[in-house]
Amino acid sequence: MSIKDNLKTIKDSLPSHVQLVAVSKTKPIADIEEAYAAGQRVFGENKIQEMTEKQQVLPKDIEWHMIGHIQRNKVKYMAEYVALIHGVDSLKLLQEINKQAKKHNRIIPCLLQIHIAEEDTKFGFDEKDLNELITSNEIEQLANIKIIGLMGMATFTDNTLQIRKEFKQLKNLFEKTKSVLPHLSQLSMGMSGDYKIAIEEGSTLIRVGSSIFGSRN
Ligand SMILES: *Cc1c(COP(=O)(O)O)cnc(C)c1O
């Protein structure tokens with residue numbers, strides 16, 4: 001199947017409240033152009049340098065989402081154009097994004113990454129740290145960022161019960177967080193292997209790479 005066909009199959013299956021982020025990390029410009037020609041405008045990358053190189057040569061109406069782990073000293077390279085940062089996992093990072101956004105007179109939308117998986121290798125806030133952050137007055141001072149939701153990655157496993165349980169936990173936490181921050185609208189969960197479960201459990205943003213572009217090396 002071509003990139004175009006893969007995109008169509010996935011998009012046709014999505015409820016209208018779910019947005020597809022096409023994860024193009026490691027893939028060449030030509031693949032992104034093919035997806036763009038098929039109408040896709042939202043792309044996700046996990047390395048700031050790679051995303052910036054692609055952003056510079058591709059059409060300017062693409063929305064670039066940073067989905068990977070972020071080093072604070074690299075935020076400045078994407079602050080001018082990034083449309084959504086999914087993986088915010090500390091107050092220090094939020095402060096740096098705010099500082100760089102201010103230089104470009106922008107308000108950068110961000111998602112707070114939550115640690116839901118069993119593996120320790122995945123980044124993110126636990127419930128306690130999340131609560132501390134959202135109730136602190138420090139985030140109110142950050143005028144150039146806007147927290148619009150939460151993001152999480154389930155454990156890498158074939159056990160769909162486990163995956164569903166983790167997505168349910170994240171959805172619950174999302175609802176709780178909304179009682180403090182009522183404007184939250186986005187819940188980023190689900191990848192190629194688990195996005196169908198994620199949608200059933202309340203995802204609004206799925207991040208799909210290999211099911212569109214084929215497997216990565
Ligand atoms: C690579 C990546 C994805 C996409 O993974 P696929 O399994 O190829 O769909 C989604 N989210 C994050 C954070 C990623 O790093």
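Hi everyone, let's start at the ligand: a polar side-chain atom of S192 sits 2.5 Å from one of its oxygen atoms, which makes a polar contact (a pair of N or O atoms within 3.5 Å). Before going on, please keep in mind that this is a predicted model, where local features need pLDDT of at least 70, side-chain atom pairs count only at pLDDT 80 or more, and totals for chains, interfaces and linings use all residues. Residues are numbered from 1 along each chain as its sequence is written, and side-chain values use heavy atoms, with hydrogens and water left out.

A polar side-chain atom of R216 lies 2.7 Å from a ligand oxygen atom, and a polar backbone atom of G209 is 2.8 Å from a ligand oxygen atom. How much of the ligand does the protein bury? Taken alone, the ligand exposes 390 Å², and the protein buries 90% of that (Shrake-Rupley method, 1.4 Å probe). Other residues around the ligand (a heavy atom within 4 Å) include V23, K25, I67, M151 and R207.

Now to helix α3, residues 48–57, a DSSP run of H or I with at least four residues; strands are E runs of at least two. Its buried residues are I48, E50, M51, T52, K54 and Q55, where buried means under 20% relative accessible area, exposed over 50%, and partly exposed in between (1.4 Å probe, protein chains only). They pack against α2, β2, β3 and α4, with contact meaning heavy atoms within 4.5 Å.

Finally, S2 lies in the segment before α1. Why is S2 called partly exposed? Because its relative accessibility is 27%.

Technical notes: Polar contact = N/O pair within 3.5 Å; in protein donor to acceptor, adjacent residues only side chain to side chain.
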